Amino acid sequence: MIKVTIKLSAQTGVEQFEMIGHADSGPYGQDIVCAAASVLAINTINSVEQIAGVKPETRMDEDNGGLLTAKFPKVSNRDQLLQMQAILKSFVIGMQDVARNYSQFIKINIQN
């Protein structure tokens, strides 16, 4: 099972997320839940970097439990903050949708 933890701040929005585990919803290379979660996470990190111009601190470990963490720095530029948080909100919506449709393979925990 993939476990996603999303940490929120009342002031700025999404501060970080962590994904750990494997969905095991299908054979390797055909696991659509793993593919969906991975694409959402990697695209979010890339979009924050390329659109908002903000570089998150990331860590990956595919061998030991499929870990991916992304921590987003505090941003003082209002435009960058708005762009970054719009992208991160889209990530949350996408993950919630995947979890709603495949609840036996992915769980989301949102922490305030």
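**Overall form and core**

With 112 residues, a compact globule would have a radius of gyration near 13 Å, and the protein chain has 14 Å, which agrees. The model is a predicted one. Along the principal axes, the C-alpha trace of the protein chain spans about 45 × 25 × 20 Å.

The secondary structure of the protein chain consists of two helices and five strands. Followed along the sequence, these elements give the pattern β-β-α-β-β-α-β. Among the contacts in the protein chain with a separation of 6 or more, 57% are accounted for by residues 24 or more positions apart.

Of the 112 residues of the protein chain, 37% count as buried, that is, under 20% relative accessible area. The largest nonpolar core has 29 residues, of which F17, M84 and I106 touch the most other members. At least two residues of this core come from each of β1 (2-9), β2 (13-20), α1 (32-52), β4 (67-71) and α2 (78-101). The largest share, nine residues, is supplied by α2.

Which residues does I106 touch, leaving aside those up to four places away in sequence? The partners are M1, I2, V4, V33, A37, M95, V98 and A99.

The surface and the charges complete the description. The protein chain exposes about 6800 Å², and carbon and sulfur atoms supply 49% of that area. There are 10 positive and 11 negative side chains in the protein chain. The centres of these two sets lie 9 Å apart.

Key
Residues are numbered from 1 along each chain as its sequence is written. This is a predicted model: local features need pLDDT of at least 70, side-chain atom pairs count only at pLDDT 80 or more; totals for chains, interfaces and linings use all residues. Side-chain values use heavy atoms; hydrogens and water are left out. A nonpolar core is a set of buried Ala, Val, Leu, Ile, Met, Phe, Trp, Tyr and Cys residues joined through side-chain atoms within 4.5 Å. Buried means under 20% relative accessible area, exposed over 50%, partly exposed in between (1.4 Å probe, protein chains only). Helices (H or I, at least four residues) and strands (E, at least two) are DSSP runs, numbered from the N terminus. Contact means heavy atoms within 4.5 Å. The radius of gyration is taken over C-alpha atoms; the globule rule is 2.2 Å times the number of residues to the power 0.38. Accessible areas come from the Shrake-Rupley method with a 1.4 Å probe; for residues, only the protein chains shown count as cover. Lys and Arg count as positive and Asp and Glu as negative; His and the chain ends are not counted. The place of a charge is taken as NZ of Lys, CZ of Arg, CG of Asp or CD of Glu.
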